[in-house]
Amino acid sequence: MTEGLAGYDDHPDGVVVADARGQVVVFNRAVEQITGVTAAAALGKQLDAALPLEGLDGRAWWPCVRPYDGMRTVTGHPERNLILPGGQEVLVTSRYVRDEPRGPVTRVVVAVRGTRHRAREELSRAELVSTVAHELRSPLTSVKGFTATLLAKWDRFNDDQKRLMLETVNADADRVTRLITELLDIARIDSGRLAVSRQVVDIGKVVERHVAAMTAAGEDPDLFKVRVEPGIPEMWVDADKLDQVLGNLLENAVRHGAGRVTIEVEPEGDGAAVTVTDEGEGIADEQRDRVFTRFWRSGRRGGTGLGLYIVRGLVEAHGGRIEVGRGPGGGARFRFVLPAATPDFLD
């Protein structure tokens, strides 16, 4: 390989580089594995001979794009599906390097990778759609059933029966709203477009408010123990996203844990840490690395399995971190740390 280009062998994707004459000067190990062609056989050949590619329509690709004698405003091509000899489908990205604008091409750099990664992404999207559709079906069926019944037989029900059905419809509508919010959060996290609107928040009071809301909804007040240490700095965080994080962790602790739920808020570095611990069975050691991935479930109960994936995304959007471990009593222990931030970081 040409001096200074040997580092391409460390690249995880296949890389092919052709010089100003169209001769291949780099053919790295990854592209050898993808194409089955050795570097020794490819180096020195013309690009279209060393890496023959066809479009999905069966036409040869290099004569169509004409990197060396095509339009001088073209700088390359975004990733697209192309076919290698033998029918193997690959993802190809190209870049045309010019020493001066609109000058002749001095180097063509081509990245090649297999479609396995994209197939995994597509499978993950399909599973996401399937999961959310399944979760939406039940509340929507309930909403449709109760509203149709009330519209058709309104006069046959007394006020208490009507109230019960309307309360059920309202609860199911809230469930649908939560599912849609989860789906939108997933899209923003995956695309890196999750916006954080910071304001001054008293995390201790937020925790106490969540606990008060859960006890007002019927949970035993003795179920919760809250400890807020002094010295917590002024925290600039997104109040709504903090509510999502705390709501999810507390709901999980009550639903999937057992015994008392302990919430601790304490200073940590230049920010604050919040720890939520239950006294249930905890999470097996071999499962902990998967807790914050999509569709992880404890195995005992249903749900979308997206909640903790979103929690991690919300915490990391603040520049924080979250971890899971085992509490003193053997239950699950979730701990997240947020930097204090300052008004200078306001979006």
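Modeller: Contact here means heavy atoms within 4.5 Å. And keep in mind that this is a predicted model.

Biologist: Fine. Leaving aside neighbours within four places in sequence, what is Ile 203 in contact with?

Modeller: Met 235, Leu 242, Val 265, Ala 272 and Val 274. Ile 203 belongs to the largest nonpolar core, which has 45 residues. Ile 203, Leu 242, Leu 249, Val 261, Ile 263, Phe 334 and Phe 336 touch the most other members there.

Biologist: What does the second core include?

Modeller: That separate core has 24 residues, including Ala 18, Val 31, Val 65 and Val 112.

Biologist: Switching to the sheet. What is the strand order?

Modeller: S7-S9-S10-S12-S11, an open sheet with mixed pairing. The edges are S7 (224-228) and S11 (321-326), each pairing on one side only.

Biologist: How many bridges join S9 to S10?

Modeller: Seven, and the two strands run antiparallel. Thr 262 stands opposite Thr 277 in S10.

Biologist: Which strands does H8 lie across?

Modeller: S7, S9, S10 and S12. H8 runs at about 170° to S12.

Biologist: And how do H8 and H9 cross, left-handed or right-handed?

Modeller: Left-handed. The axes come within 10 Å and cross at roughly 145°.

Biologist: Which residues in H8 meet H9?

Modeller: Lys 241, Gln 244, Val 245, Asn 248, Leu 249 and Asn 252. On the H9 side, they meet Gly 307, Leu 308, Ile 310, Val 311, Leu 314 and Val 315. By class, that contact has seven nonpolar, four polar and one charged residues.

Conventions
Residues numbered from 1 in each chain as written. Predicted model: local features only at pLDDT ≥ 70, side-chain atom pairs only at ≥ 80, totals over all residues. Heavy atoms only, no water. Axes fitted to C-alpha atoms, helices over the stretch in contact; angles between N-to-C directions. Helix = DSSP H or I, 4+ residues; strand = E, 2+ residues; numbered from the N terminus. Left-handed = near helix turned anticlockwise from the far one by under 90°. Nonpolar A, V, L, I, M, F, W, Y, C, P; charged D, E, K, R; others polar. Core = buried A, V, L, I, M, F, W, Y, C linked by side-chain atoms within 4.5 Å. Buried < 20%, exposed > 50% of the residue type's maximum accessible area, 1.4 Å probe, protein only. Pairing = 2+ DSSP bridges.
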